Amino acid sequence: MRERLLAAERLKSIEWQDGRLMLLDQRKLPAEEIWHSYDSAASVADAIRKMVVRGAPAIGISAAYGLLLAARARIAAGGDWQQALEEDFKLLADARPTGVNLFWALRQMRERLERLKLGEDPCTALEAQAVSIHESDREANLAMAQFGVELIRRHQGNPQNLLTHCNTGALATGGFGTALGVIRAAHLDGLVERVYVDETRPWLQGSRLTAWELLGDGVPATLNVDSAAAHLMKSRGISWVIVGADRITANGDVANKIGTYQLAVLAMHHGVRFMVVAPSSTIDMALESGDEIPIEERAGSELLEVNGQRFAADVEAFNPVFDVTPADLIDVIVTEKGVVERPNAAKMTELMNRKRLH
């Protein structure tokens, strides 16, 4: 399966080229494929904040390269560059509050700095660390895809109808994708009849990004409004809801794109299995439950306007971009370290103590 997955890779959204970070502007897709070049921590933080790059793993990878760019600039400026670099750590960390991969990646970069040996070049060390974070995410994607396919095959071996929410593919990661990676692998294995794609208001990641990725891979896909999910589960024989995650807490609660929680409630009512796919870097064992996760709220204009043109009535808008799905609504969490069925605190601890299985 690994070789088939590698052969099917066709899309990247992050490139490290000639000492600069290149990001595919996801705000412009699918109409235009525009790449931007970044050479500073401030510009990378701005790209994260403004959704040029999105998806928890991709944000973490971008932040790692952003910190490398910052270190180069601080060292060139002279003085106490490590103290000055603290401003860049904070700038990048403040770009998005909910997804933990951002903070995990920055912590990896900080720990690499702390391990510098006498005479070792800091920029060379940090570049190797950032590249390692990027490549490790790609490997994690491949492992998760294989674990997820095994679950789908075990549950029901014939082609199935799947439902997904937001974008969790190559655009959101450093490789094949998390939830969408599982769906891609299932398609390669002949296990997909059709994928139903929530449009994912208000940024429309489902209709703009996920549908575009599936189309490019030849996966049968149908777009639906978010509020059609219950009707789909009742009438279209959905067997799995498969989603990603931006943060998973020590008890197995999951923060993901707004609308995920209601999907889990609906899935339980309709007897549809619910799968969360995320790398172990998304698991935050420092938080006991989802009640402690900071939920990002973005500007109301994202709901009230289209292309800067207001279409809604003159009302206030509530625009949280994530919600928390309780662990008792989740059938399985898939990571590169393995699978947790019916997650709880003990099972999450056991998972985090494992080494990678693939």
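This is a predicted model: local features need pLDDT of at least 70, side-chain atom pairs count only at pLDDT 80 or more; totals for chains, interfaces and linings use all residues.
1. Numbering starts from 1 along each chain as its sequence is written, and side-chain values use heavy atoms, without hydrogens or water.

2. The structure has 3 cavities of 30 Å³ or more. A cavity is a set of points, on a 1 Å grid over the protein atoms alone, where a 1.4 Å probe fits but cannot get out, and lining residues have an atom within 4 Å of a point. Points are joined across faces, edges and corners, and volume is the space filled by probe spheres set on them.

3. The largest cavity holds about 270 Å³ of space. Its lining has 27 residues, with R54, G55, A56, D246 and F322 the closest to its centre. The helix α3 (56-77) is one of the elements that supply at least two lining residues, and α3 gives the largest share, 3 residues. Helices are DSSP runs (H or I, at least four residues), numbered from the N terminus.

4. Where does the second largest cavity, of about 60 Å³, sit? Domain 1 (1-135) and domain 2 (144-352) both give residues to its lining, so this cavity lies between them; the domain bounds come from an automatic or database assignment. Its lining includes R10, F176 and D217.

Key. On a 1 Å grid over the protein atoms alone, a cavity is a set of points where a 1.4 Å probe fits but cannot get out, and a pocket is an open set with protein on both sides within 12 Å along at least five of seven lines; lining residues have an atom within 4 Å of a point.
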